[in-house]
Amino acid sequence: MKTLLEKLIINYPYFFAMVLFAIGVLTVLTRSNLFKKLLGINIMGSAGYILFIAAGNIRGGTEPILHTSDPGAVYVNPLPSALMLTGIVVSVSVTAFALSLIIRLYKEYGTTDAQRIARMRNEVTESDSSDRR
Amino acid sequence: MIADNLPAFVIIVPLFVGVVLPVFARRLRLVEGLVVLAEAAGLAGAGFLAYIVFAQKGTDWVYQLGGWPAPWGIELTVNSLAVFFLLAVMAVSLPIALFTIGNLKEEVGGNRRTARFYTLFLLLVGALAGMALTNDLFNTYVLVEVATLSCCGLVSSRGTPRAAEAAFTYLILATLASSLVVIGIGFIYVITGHLNMGFASQGLAEVWQTKPHVVWLAISFVLVGFGLKSALFPLHVWLPDAHSSAPSPASAILSGLAVKGYMICLLKFLYVVFGPDLMKEFSVDRILVLAGMAAIICGAVMALPQDNLKRRLAFSTVSQVGYIYLGFGLMDENGLAGALFYLASHAAIKSALFLSAGAMISATGKKKISEMAGIGREMPLTAAAFTAASLGLIGIPMFSGFVGKWYLITGSLDTGDFLPTVIIIAGSVLCAAYLFPVIRVAWFESPQTANQENTAQLKGPGAAQKLALLMLMAVIFILGIVPGPFIALAKNAAAELLMFR
């Protein structure tokens, strides 16, 4: 029976993936700067990539291309890498869209801080309703 | 050729039409025609698939994309559950598309923005159809991402700073949820080596006893991820802002269908991949019932003080989602069938509510319930649609909500637990408490004097809008008066899910 530490050392990519994921979630939830939230999202995405690619890796395996000289070679599972290519494409589009929203908000409020934006928006709606009265 | 590849066409037609729409942005009539045509084709396809499922009784039609067989290729499964949700998606999104004809341009501004709105709309419909049919874990994730990005685009489509802020919050939380889901899928892949739902399920059955911690992690990641996306009670914080700041047709499809798509995904993950045995083992069913009950009560209580009509409806969605999760957690054939039926019924009802609310708001320019006195006399059809949908949501007999609630109550009594029954009835009372005031103000209060000047130039809904509202009312009444075939389909789906493995 392996100890917990041995298990962690053997499976270190998964451990790092979880640490990265925790860092990402913390960044998203605790930072009020919109850019930092977006960075947190990307860090979380990286955790997913590491998890999948580590799952596909075989130690000592070659690239998954058929070599005529060595047809019996052990090769790395290409599926997770292909899946993560899709994941990266998704992540790029999310980032692009989020950046465009940040630009829109910055033009309007002159800041990228979520709390300040919320405060300014509340002031605006309050003055609106007082105008109406 | 079309009949053989119908499951793929149902997904591809909306996606493809959606992508080419911006090319015709200058000719808005053509764009609207194409959207309605694509929707009608989708509905016809869904109807034909439903016919095939009825004719084939018991055997699923498994369609292999690109002809690649199961462990390697992506499968689309045409079974009762998929067909049921597909019919709901198409039958509700067609009226929403009709409703947008002619009046969307004012709300989002400009031809190009309108065309882009339709692109996002059709991408969302295609992704929802895909979620219903797909039998592949990673394919589900990709479709979920397509739906999420389209939803965020729809929320921000007005272009106001308020909408951009709501869309950003939604985007961040939805992407967080997607990351949770993809890592959950990663765990399943790591221990089973499969992405096909059937094979992954077999793999999990073999290995879960040796690796309970990984399975536990996978279940919790998937549950929290989809729970966040479908606004399960403690995770609903993004929903009211996002759904109330979108244009009304977008609110209708977001509240009516998009949330339901994620719930169907979660249902497939829990019942098809993990299976009922594992759900009981990790007490997921208890969690779902508890969260559902909390959602029913808390959502309704939060809806009560809202004076902004669309915000009240958005909070009502939080409450109604609870009913469906409650049914998912009951692990009983009647309860699960009731949940599925309620899901379809709520899709039609909430769309009708948001669309009629949108028509009232755009005609009067007022967003608050207290300012809408006497609107029933000026816009009788719109107010009638709102009233019919409200009665359906509360669960008056003859309306679709009643049938769903009836089966949910039967299901909860079957399990021998009385608390869910009490909560379901209490939820109905609270629902009446937050919807009846709107009906009272609309019909029985005389318009304020200040309004009288405006009534002259009050712009009522056009022909297409009236047709759309009538269609949604027809869906609500058909589901309420002749629920037979739909309940049969939902019961089939429930039996298949509970029997799985």
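Leaving aside its neighbours within four places in sequence, with which residues is B:Q320 in contact?

## Basis of the model

This is a predicted model, in which local features need pLDDT of at least 70, side-chain atom pairs count only at pLDDT 80 or more, and totals for chains, interfaces and linings use all residues. Residues are numbered from 1 along each chain as its sequence is written, chains are lettered from A in the order in which they are written, and side-chain values use heavy atoms, with hydrogens and water left out.

## Surroundings of B:Q320

Beyond neighbours within four places in sequence, B:Q320 is in contact (heavy atoms within 4.5 Å) with B:Y342, B:H346, B:K350, B:L393, B:C431 and B:Y434. With the side chain of B:Y342, the B:Q320 side chain makes a polar contact of 2.5 Å (a pair of N or O atoms within 3.5 Å, one able to donate a hydrogen and the other to accept it; residues adjacent in sequence count only if both atoms are side-chain atoms).

B:Q320 lies in helix α13 (residues 309-329) of chain B; helices are DSSP runs of H or I with at least four residues. Because its relative accessibility is 0%, B:Q320 counts as buried (under 20% relative accessible area, exposed being over 50%, with partly exposed in between; 1.4 Å probe, protein chains only).

## Helix α2 of chain A

The buried residues of α2(A) are A:P13, A:A17, A:F21, A:G24, A:T27 and A:V28. They cover an arc of only 130° around the axis (taken from the directions from the helix axis to the C-beta atoms), which puts them on the same side of α2(A). The face turned away from this buried side carries the exposed residues A:L26, A:L29 and A:T30.

The cover over the buried residues includes α1 (4-10) and α3 (34-56) of chain A, together with α7 (161-192) and α9 (212-229) of chain B.

Notes: Helix = DSSP H or I, 4+ residues; strand = E, 2+ residues; numbered from the N terminus.
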